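Visitor: Please take me through one part of this model in close detail. I would like the strand pairing and what surrounds it.

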Amino acid sequence: MKKWIFLAFSICLFTLSSCIEIIDDISLNNDGTGTFRYTINLSSSKVKVNSILALDSLDGKPIPSKDEIKAKLTEFQAKLSSQEGIKNVQLEEDLTNYIFKLSCEFQNIELLQSGIKKTLAEIIQHQKNDMDTYQWITWNGNALSRSIPQMAVEQAKILKTEDMELLKQGTYTNITRFENEVEKFENETAVLAKNKKAVMLRVSTYSLIKNVDLMKNKITIVN
């Protein structure tokens, strides 16, 4: 969830240092339930990804095999499925074109955020992170506030200069959908759908690393 840079496998794939396209999509119902979808697309860099995966290590760090990546995705899916208030967790992986799609249904925003936090904490418990204290999404029944977890940004900042250049070619797209029409939103770069029930934000992944506030937004719907 705004978790790119929000999710265990996205952090894993960032270490592959490729042009990356991310779509972060939340559909929120009036009763607080909803659906979360998260897509990571590395297809435009699949040649480079394949060349990196062929190595045993890079900069002294072991490179995961396709089987190890798949195992990590399976682990993430299983742990997220066990979290309170989250169901129908689906995870599709295309390890030929390197496209990964996660979707799940949630009982409310609080449980979605808590479930992702707990899942990541279990998987990356050896790494220091701010998942327990950071709130990147809130919903009060009338307004939704979203941001980007700083942990994901810090992970991307360790990339080399040449790899940072690849991020300029990538995009991060944030979509928020509602049952009711949107009354207003605070981020001036956001775009309102024609039906007035969805708001979209899109920036380059490079720009987002430089300024995490680009994705901050508060959306108020019509009651």
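Guide: Start in strand S6, where Ser103 is the bridge partner of Arg37. Strands here are DSSP runs of E with at least two residues, helices are runs of H or I with at least four, and both are numbered from the N terminus. This is a predicted model: local features need pLDDT of at least 70, side-chain atom pairs count only at pLDDT 80 or more, and totals for chains, interfaces and linings use all residues. Residues are numbered from 1 along each chain as its sequence is written, and side-chain values use heavy atoms, with hydrogens and water left out.

S6 covers residues 99-106 and runs antiparallel to S2, with eight bridges joining them. Two strands pair if DSSP finds at least two bridges between them. S2 spans residues 34-41. Seven of its eight residues are buried, so S2 is largely enclosed by the rest of the structure. Buried means under 20% relative accessible area, exposed over 50%, and partly exposed in between, with a 1.4 Å probe and protein chains only.

S2 also pairs with S1. Eight bridges join these two strands, again antiparallel. Ile26 stands opposite Phe36 in S2. Five residues lie between the strands of this hairpin, and Gly32 takes a positive phi near 95°.

Now Asp25, which sits in S1 (residues 21-28). Asp25 is buried, at 8% relative accessible area. Its side chain makes a polar contact of 2.7 Å with the side chain of Arg177. Such a contact is a pair of N or O atoms within 3.5 Å; within protein, one must be able to donate a hydrogen and the other to accept it, and residues adjacent in sequence count only if both atoms are side-chain atoms. Beyond its neighbours within four places in sequence, Asp25 is in contact with Thr35, Phe36, Arg37, Ile175 and Arg177. Contact means heavy atoms within 4.5 Å.

Back to Phe36. Phe36 and Tyr38 are both buried. Their rings form a tilted aromatic pair, 5.9 Å centre to centre with 40° between the planes. Rings of Phe, Tyr and Trp (its six-membered ring) pair if their centres lie within 6.5 Å; planes under 30 degrees apart count as stacked, over 60 as edge-to-face, the rest as tilted. The whole structure holds two aromatic pairs.

Phe36 also belongs to the largest nonpolar core, which has 48 residues. Phe36, Leu102, Tyr172 and Phe178 touch the most other members. A nonpolar core is a set of buried Ala, Val, Leu, Ile, Met, Phe, Trp, Tyr and Cys residues joined through side-chain atoms within 4.5 Å.
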